[in-house]
Amino acid sequence: MRVLLIGANGYLGRFVADRLLADPAVQLTALGRGDDSDVRFDLASGSPGALTRFLNAVHPGVVINCAGATRGGARELTRHNTVAVATICEALRRSGCGARLVQLGCGAEYGPSQPGSSTAEDAVPRPGGPYGVSKLAATELVLGSGLDAVVLRVFSPAGPGTPAGSPLGRLAEAMRRAMQAGDGELKLGGLGVQRDFIDVRDVARAVHAASLSAAQGVVNIGSGRAVRLRDAAAVLARVAGYGGALHELDQVPMRAALGHPRAEPEHGMPAAYPYPDGCGSWQQADVRTARDRLGWRPRINLEESLADIWMEAACRI
């Protein structure tokens, strides 16, 4: 099976590439903006015609898009998350390769949900910020393209390679600094937020399964369990061996506490939504569709993900 992987050098793309390379039946080609890609191409500025010519030459059976931006203003997010996907869809329509498209979406497309609820794929999306809006627009482009396509809505990825600006990345960095300085207490804010964390290696398994399946439409990829950031901090302290006290700060701006994905307000105006990812205080995925249509279940628990996050943070001490 010939697979064209877009965004192989990104946070999720690296693990997807590793998973695909471990399959002897896959012939992988990486397309991206970096010098280490097999083919250099900028989706945000490249033409669909140029991409079509490449697709016709390589003739992949599956195209997987892991590329995108999580930070920046609305214009930048739209270029990298929406315009780029429009280019892929148009190129695939023009091409004669008939490739299946696996698009990585995100849980931020849904926006806030009712505490205690699980969000299923038929929920009406109401993204709370420009990041979620740009990803939702990409999803709608894929679903309306007429292509053989599936969108995996990934909730909150965790595990090795977690960006330092993500909630768990910030927790690990704060703990590393406290241990390095010998601080007996760690003060943190925004720990009441609850998110559905899913290990990046489980995400890669889901992408692999989706590329082999006939599933179309939207499929949620998450653990199916919301975890309070305060509880994640306690687990991280245990795996790190941090014996100090954890204190939650009151009235800390949620933007400073969480920080990912972060959308920069334009023209100096403050953002209207209180959570950086636009998802409110609670998010939990209903993952029954992934089980039924992909034969996929999460395997890696949050403690293992946090241990890997800490291992990388500890190397910076």
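**Exercise 1. State how much accessible surface the chain has and what share of it belongs to carbon and sulfur atoms.**

Solution. The accessible area is computed by the Shrake-Rupley method with a 1.4 Å probe, and for residues only the protein chains shown count as cover. The chain has about 13600 Å² of accessible surface. Carbon and sulfur atoms hold 50% of this surface.

The model is predicted: local features need pLDDT of at least 70, side-chain atom pairs count only at pLDDT 80 or more, and totals for chains, interfaces and linings use all residues. Residues are numbered from 1 along each chain as its sequence is written, and side-chain values use heavy atoms, with hydrogens and water left out.

**Exercise 2. Decide whether the radius of gyration of the chain agrees or disagrees with that of a compact globule.**

Solution. The radius is taken over C-alpha atoms, and the globule rule is 2.2 Å times the number of residues to the power 0.38. For 317 residues a compact globule would have a radius near 20 Å. The chain has 19 Å, which agrees. Its C-alpha trace spans about 60 × 45 × 40 Å along the principal axes.

**Exercise 3. Describe strand β2 and its pairing with strand β1.**

Solution. Helices (H or I, at least four residues) and strands (E, at least two) are DSSP runs, numbered from the N terminus. The chain has 10 helices and 13 strands. Strand β2 covers residues 27–32, and five of its six residues are buried, that is, under 20% relative accessible area with a 1.4 Å probe, protein chains only. Strands pair if DSSP finds at least two bridges between them. Strand β1 (residues 2–6) runs parallel to β2, joined by five bridges. Leucine 4 stands opposite threonine 29 in β2.

How values were computed:
Buried means under 20% relative accessible area, exposed over 50%, partly exposed in between (1.4 Å probe, protein chains only).
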